Amino acid sequence: MKEKKIYPYMSIGTGIIFFVLLVMIDQLTKKWAVLFLKGQDPVILIKNVFQLYYLENHGAAFGILEGKSAVFICITLIVLALIVYFYVRIPFQRKYRILRIFIVLIAAGALGNFIDRITQHYVVDFFYFCLIDFPVFNVADIYVTCATVLLIVTILFRFKDEDVNELLQSVGLKKKKQD
């Protein structure tokens, strides 16, 4: 039995609304961090484990490529273009809805940090796991990291080979077999 197709425009519209809300949440949390954390001592949430710590990140995780905003801007534009391409090419079937959600999360995170890089030339970070000295991060980073891991796990363990083949064909990464 074939699955019913989801009305594509509703799915795209829902994705856009979800995307905008996620970007707004990221930007609002960063504004909050600037207002309440900048120039202040860290806010200890769990002693020696987790705190809110204001940081202006001019690079990527661990400060790599510090001061290379142009590189991040170019990469982000390419990633966002690819995300839009994949989003509209994924079949509009219920079984692929979870992939669309992960893609929207990744796009929202990429745009959230992109906005910071364009407007301020750095990204506002404020979550810090001091127990393991993990790099300070923000809500956009959570979107990208969690969604990427879940996307990979979902593709590897939830979908059958024929589902993955259908996905690869729909996005143009695999040619359809000739009967």
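On the face of helix α5 that is turned away from its buried side sit the exposed residues D161 and E162, where exposed means over 50% relative accessible area, buried under 20%, and partly exposed in between (1.4 Å probe, protein chains only). The model is a predicted one, in which local features need pLDDT of at least 70 and side-chain atom pairs count only at pLDDT 80 or more, while totals for chains, interfaces and linings use all residues. Residues are numbered from 1 along each chain as its sequence is written, and side-chain values use heavy atoms, with hydrogens and water left out.

The buried residues of α5 are D163, L167 and S170. They lie on the same side of α5 because they cover an arc of only 70 degrees around the axis, the arc being that of the directions from the helix axis to the C-beta atoms. An α-helix has 3.6 residues a turn, so residues three or four places apart point the same way. The cover over the buried residues of α5 includes α2 (69-89) and α3 (97-120); helices (H or I, at least four residues) and strands (E, at least two) are DSSP runs, numbered from the N terminus. D163, which belongs to α5 (residues 161-170), has a relative accessible area of 10% and is therefore buried. Apart from neighbours within four places in sequence, D163 is in contact (heavy atoms within 4.5 Å) with K95 and Y96. Just after α5, G172 adopts a positive phi of about 80 degrees.

The strands pair as tabulated here, pairing being counted if DSSP finds at least two bridges between two strands.

A hairpin is formed by β1 and β2, with 3 residues between them, and N48 in its turn has a positive phi of about 60 degrees. Strand β3 (residues 123-129) is mostly covered, since 6 of its 7 residues are buried.

Elsewhere, I16, I17, V20, L21, M24 and L28 make a nonpolar surface patch of about 580 Å². Of these residues, M24 lies in helix α1 (residues 8-36) and counts as partly exposed because its relative accessibility is 43%.

Definitions and conventions:
Patch = residues over 30% accessible without salt bridge, like charges linked within 9 Å, V, L, I, M, F, W, Y side chains within 5 Å. Areas by Shrake-Rupley, 256 points an atom, 1.4 Å probe, with all protein chains shown as cover. Salt bridge = Lys/Arg side-chain N within 4 Å of Asp/Glu carboxyl O.
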